[in-house]
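Q: Could you walk me through this structure, sheets and helix packing included?

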Amino acid sequence: MATAKKTNDLPFLLKKMEVVLVKPAKPTPSEVLSFSTLDNDPNLEIICQTIYVYRAKSFSSINGDNLVSSNGKTHDLELSSDPVTVISDALSRVLVYYYPLAGKLKRDSDGELRLNCNSFGVPFLSASANYELSSLDYLDGVAVEVAEPFVFDWPADDDGRHPLILQVSKFSCGGFTVGMGLSHSVCDGPGASQFYRALAELATGKTEPSVKPVWERERLVGKPTKTPFQNPIDKSSLATSPHLPFAEIEHCCFNVNSETIKRLKTSSMKECGDEFTTFEALSAYVWSSRFRALQFNSDGKTVFSLTIGSRGRLNPPLPDGYYGNACIDTFVTIMGKDLNEGPLYRVCKLIKEMKKIACSSDYLWNSINMFETMRRENKKLEMDDTTLFLTDWRQLGLVEEVDFGWKGPVNLIPVPLRALDYLDFIIFISPSTLDPAMKGGLRVLLSFPATAMAKFKEEMDALLNLGDDKALA
């Protein structure tokens with residue numbers, strides 16, 4: 001079980017060009033767009049940054065003035081070798097369809113988010129490095145300081161904030177990275193995946209995206225409930241930790257291979273007879289491990305939040321191409337003693353049962369209406385670092401599948417784990433494709449107080465010993 005490698009002392013030179021604004025290739029509508037109840041959540045007013053890592057392209061043949069790459073696609077000899085040219089050109093063309101991403105986002109005085117679509121453009125930065133991607137292990141498990149230069153921030157001004165920012169960094173080996181910053185207010189994970197796939201499609205010769213984007217945020221505007229909002233959890237009843245608040249935070253990545261996952265699921269099934277998914281079994285284990293590592297008091301409550309996607313579950317259904325926020329956080333609450341001392345399969349069952357309940361259209365609409373009530377009353381859920389928010393990026397299909405003509409990315413990471421600066425947030429993500437031993441496994445990304453990280457590592461290392469009955473006790 002590997003953790004983040006400390007390579008932040010590695011010397012390198014990354015030359016950055018001036019930022020340019022890439023605008024739509026054709027005229028687009030000039031309008032002001034409003035947002036849904038879910039989009040308007042103040043907690044989503046962040047720029048989520050991710051890095052996609054691509055190896056150098058290998059060519060199998062030359063056909064006239066074109067190259068035929070190993071994936072069978074034909075590319076122009078001059079342009080195909082430059083990912084900056086390919087991606088910036090594709091960005092200009094894809095913005096004709098995703099023109100809101102070339103606008104500016106601002107929360108008005110009435111508290112509502114609005115997006116001014118006026119073709120401001122997308123901040124785009126190209127950079128070149130004097131070293132090979134392999135020297136950084138293709139960013140697999142690198143320290144935050146190493147990954148940070150491959151994304152950039154662009155400040156807001158009086159007109160608002162750019163919802164999309166892109167950086168393409170080229171390496172001496174011919175490989176490159178795409179660093180994307182995207183406003184969570186505008187897109188959720190599936191929405192971001194939809195946009196990124198469209199960008200790749202236009203980069204490889206398509207004239208339009210296979211899935212047309214749909215705004216229509218009014219579809220997910222909730223109706224305030226007649227009764228005032230009441231917080232479902234009494235904050236005074238939540239467990240406390242001697243490690244919180246913290247003075248220093250550490251980011252870490254744990255590799256969990258497929259065999260370990262199989263043993264974890266099998267052990268729980270033997271104890272209760274039920275089958276559990278990888279998400280259910282590993283979430284239960286991570287939740288209980290985190291509880292023990294942070295030394296929460298057993299007579300307090302602890303909360304687990306899982307994200308449920310509403311696409312395909314709502315009635316009426318969302319249209320294909322909807323790329324706004326359409327995920328709901330739902331919660332499982334348990335006494336610390338039961339989480340810490342009870343059998344793991346009971347925790348798996350709680351998560352499994354909550355998933356089943358939360359997938360109904362009625363539950364999802366009730367949640368959206370509750371969020372709208374909270375928003376109108378200027379209230380929020382009273383939770384703290386006792387609550388664990390866990391999200392699963394494996395279903396986004398971004399590793400290996402999004403091809404700009406260099407085959408799919410060999411690695412994908414949230415950078416600089418800024419989404420993980422919150423102790424209550426953990427991501428499950430697919431492993432790098434360069435490690436055969438991790439096929440079918442996953443990575444667990446999180447942040448932790450430095451004073452408790454050693455104990456959490458012990459808990460995660462114990463996954464390797466699940467043949468011992470005490471490991472699941």
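**Sheets and helix packing**

A: Strands S14 and S15 are joined by nine bridges and run antiparallel, where strands (E, at least two residues) and helices (H or I, at least four) are DSSP runs numbered from the N terminus, and two strands count as paired if DSSP finds at least two bridges between them. This is a predicted model, in which local features need pLDDT of at least 70 and side-chain atom pairs count only at pLDDT 80 or more, while totals for chains, interfaces and linings use all residues. Residues are numbered from 1 along each chain as its sequence is written, and side-chain values use heavy atoms, with hydrogens and water left out.

Q: Which residue of S15 is the bridge partner of Thr302?
A: The partner of Thr302 is Ile334 in S15.

Q: What sheet do those strands sit in?
A: They belong to an open sheet of six strands, ordered S13-S19-S18-S16-S14-S15, with mixed pairing. Its edge strands are S13 (249–256) and S15 (327–335), each of which pairs on one side only. From one strand to the next the twist averages 20°, with angles taken from 0 to 180 degrees between N-to-C directions and axes being lines fitted to C-alpha atoms, for helices over the stretch in contact.

Q: Switching to helices, at what angle do H1 and H3 cross?
A: The axes of helix H1 (residues 83–94) and helix H3 (residues 189–203) cross at roughly 115° and come within 8 Å. H1 and H3 are therefore roughly perpendicular to each other (angles under 35 degrees count as roughly parallel, over 145 as roughly antiparallel, 65 to 115 as roughly perpendicular and the rest as oblique).

Q: Who makes the contact, and how do those residues divide by class?
A: H1 contributes Val86, Ile87, Ala90, Leu91, Arg93 and Val94, and H3 contributes Phe195, Ala198, Leu199, Leu202 and Ala203. They divide into 10 nonpolar, no polar and one charged, counting Ala, Val, Leu, Ile, Met, Phe, Trp, Tyr, Cys and Pro as nonpolar, Asp, Glu, Lys and Arg as charged, and the others, Gly among them, as polar.

Q: What forms a salt bridge with Arg93?
A: Asp89 does, with the closest N and O atoms 3.1 Å apart; a salt bridge is a side-chain nitrogen of Lys or Arg within 4 Å of a carboxyl oxygen of Asp or Glu. Asp89 and Arg93 are four residues apart in helix H1, which means that about one helical turn separates them. Searching the whole structure finds 22 salt bridges.

Q: And how do H4 and H5 meet?
A: The axes of helix H4 (residues 258–272) and helix H5 (residues 278–293) come within 9 Å and cross at roughly 85°, which makes H4 roughly perpendicular to H5. Ile261, Leu264 and Lys265 of H4 meet Thr278, Ala281, Leu282 and Tyr285 of H5.

Q: Last topic, where do Pro245 and Pro316 lie?
A: Pro245 lies in the loop between H3 and S13, and the peptide bond to it from Leu244 is cis, with omega near -5°. Pro316 lies in the loop between S14 and S15, and the bond from Asn315 to Pro316 is cis, with omega near 0°.

Note on methods: Contact = heavy atoms within 4.5 Å.
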